[in-house]
Amino acid sequence: MAILNPTIEQVRASIDEALQSANASLRTFNQKIWSNPETAYEERRAHDTICDFLEEKGFAVTRHAFGLNTSFEAKSGSGGRLINFNAEYDALPEIGHACGHNLITTSSVAAFLALSTVLKQYNMPGRTQLLGTPAEENGGGKAKLIDAGAYKGVDISLMAHAGPRELFPGVVLDGCAGVLMNARKELHCEFTGVSAHAGGNPWDGVNALDALVSAYNNIAMLRQQMMPDERMHCAFLETPKVANVIPAHTKAYWQVRSPTLKGLNSLMSRARRCVEAGAAASGCDVKITEKELYADIKLNDTLCALYQTHMATYGRNVLKRHEKILTGSSDIGMRDLYLLEQTAANKLSGNVSYIMPTLHAIFAIPATNGSFLHHPSFASAAGTDEAHEEALVVGKTLGLVGWEMLTNDELFEQSKSQWQKCVNE
């Protein structure tokens with residue numbers, strides 16, 4: 001017989017039991033994803049591994065969901081509010097899961113299993129969604145999912161990202177519930193000049209490599225005048241492969257980051273002028289394209305406090321929030337570029353944390369001293385048994401946060417009110 005109005009301690013005990021039972025199979029699929037890293041929109045094996053796992057657990061899964069070949073959706077429960085968990089599983093080129101997305105998936109799948117179990121066990125109204133969100137590193141999968149209606153009807157969105165114990169200089173803890181992240185945008189440029197023989201008639205050429213190098217140096221000098229938390233990083237995509245031809249074409253892109261959208265827009269304008277100056281100095285034409293905007297994240301104090309409280313019951317010392325910007329970015333704060341340009345006052349529907357209360361916590365995993373995200377040493381750390389155990393604890397915690405958002409009307413309304421106030425500021 002179902003227990004009416006179970007206490008949070010009873011719910012926690014049920015979640016602990018359910019995830020302990022599933023732990024061996026969770027570890028197996030975690031290892032499969034970590035061992036087979038796939039980049040943005042190529043996560044076919046990860047997609048199939050997760051879907052197979054969920055179907056074996058008895059869940060109905062929509063594969064290749066919402067028009068994306070490597071997305072999926074699973075749902076459970078009935079009636080009541082809808083809690084979303086996001087599963088990221090893309091890796092980085094050459095260095096694999098150096099951002100630990102195998103652990104994001106593990107914690108979100110565990111949370112989905114946990115919340116599904118207690119909803120069924122206690123016969124409580126409420127629904128939960130596990131959404132496969134590909135291409136977080138490059139490609140903004142969540143923005144495409146938003147446009148396709150994947151988050152329609154969702155009341156709360158929850159996820160957690162692995163990180164080192166020293167996430168900020170001098171701050172060594174088991175994680176942080178609320179982390180501010182930079183807004184980010186990409187500036188792509190293609191320079192077109194005139195080809196000529198480098199030895200015979202170089203004066204007839206217009207050197208597209210000169211344009212690119214000049215633009216790179218201009219932005220390198222601009223870095224001296226940027227704010228402390230702003231960043232610019234470049235990748236050369238197409239450059240000459242021989243030295244005896246004046247190159248007529250080069251291509252590169254910059255990722256530009258700033259703590260606010262206003263600051264980002266200003267910095268993008270300055271970066272664009274640096275690129276245009278490189279073209280003008282060399283006599284080349286330049287095509288500039290701006291795309292893949294990741295917005296800043298709107299923190300929700302209610303969700304952060306719940307995460308901190310429930311992590312503490314598992315012996316984890318977690319900050320509620322930190323006011324220093326973590327100068328990375330995530331598509332949990334992604335905005336649709338068209339809407340950014342067309343919508344008044346930046347009230348957009350292309351951003352997860354702008355369309356519902358959202359938690360994007362950071363949890364610490366054991367790693368070598370000095371190891372940080374996007375480094376090969378962090379990829380190694382993300383594959384360990386110890387990292388898996390931390391992801392399991394996080395899954396339990398996210399499940400408990402989801403339960404509270406489904407069953408505690410006061411806390412839900414509080415989180416919603418905080419979110420509304422935040423996005424209207």
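Reply: What follows is one connected account, which begins with the chain as a whole, turns to a sheet and its helices, and ends with a few other places.

This is a predicted model, in which local features need a pLDDT of at least 70 and side-chain atom pairs count only at pLDDT 80 or more, while totals for chains, interfaces and linings use all residues. Residues are numbered from 1 along each chain as its sequence is written, and side-chain values use heavy atoms, with hydrogens and water left out.

The chain is divided into domain 1, made of 8–182 + 296–424, and domain 2, made of 183–294; such bounds come from an automatic or database domain assignment. Between the C-alpha centres of domain 1 and domain 2 there are 35 Å.

The part to look at closely is an open sheet of four strands, in the order E11-E13-E9-E14, whose pairing is antiparallel. At its edges stand E11 (231–238) and E14 (285–294), each with a single partner strand, so that one side of each has no neighbour in the sheet. On average, neighbouring strands here are turned by 20° against each other, with direction ignored. Two terms are needed to read this: helices (H or I, at least four residues) and strands (E, at least two) are DSSP runs numbered from the N terminus, and two strands pair if DSSP finds at least two bridges between them.

Another helix, H6 (residues 261–282), lies across E9, E11, E13 and E14 and runs at about 15° to E9. Contact here means heavy atoms within 4.5 Å, and the angles, which run from 0 to 180 degrees, are taken between the N-to-C directions of axes, these being lines fitted to C-alpha atoms, for helices over the stretch in contact.

Strand E9 has a partner on either side in the order of the sheet. With E13 it pairs in the antiparallel sense over ten bridges, and lysine 185 stands opposite valine 256 in E13. With E14, which runs antiparallel to E9, there are eight bridges, and histidine 188 is found opposite threonine 289 in E14. Eight of the ten residues of E9 are buried, so this strand is largely enclosed by the rest of the structure. Buried means under 20% relative accessible area, exposed means over 50%, and partly exposed lies in between (1.4 Å probe, protein chains only). In a regular strand the side chains alternate between the two faces of the sheet.

The 21 residues of helix H3 (residues 101–121) should span 30 Å at 1.5 Å a residue, and the end C-alpha atoms are 30 Å apart, which agrees; the expected span is 1.5 Å times one less than the number of residues. In H3, 18 of the 21 residues are buried, so the helix is largely enclosed by the rest of the structure. After H3 comes asparagine 123, whose phi is positive, near 50°.

For cysteine 304, which is in none, the nearest cysteine sulfur is that of cysteine 176, 7.3 Å away, and cysteine 304 counts as buried at 2% relative accessibility. Cysteine 422 is likewise in no disulfide, its nearest cysteine sulfur being that of cysteine 304 at 10 Å, and with a relative accessible area of 15% cysteine 422 is buried.

Finally, alanine 135 has a positive phi of about 60° although it is not a glycine. Alanine 135 sits in the loop between strand E4 (126–132) and helix H4 (141–147), where it is buried, with a relative accessible area of 0%.

Conventions: A disulfide is a pair of cysteine sulfur atoms within 2.5 Å.
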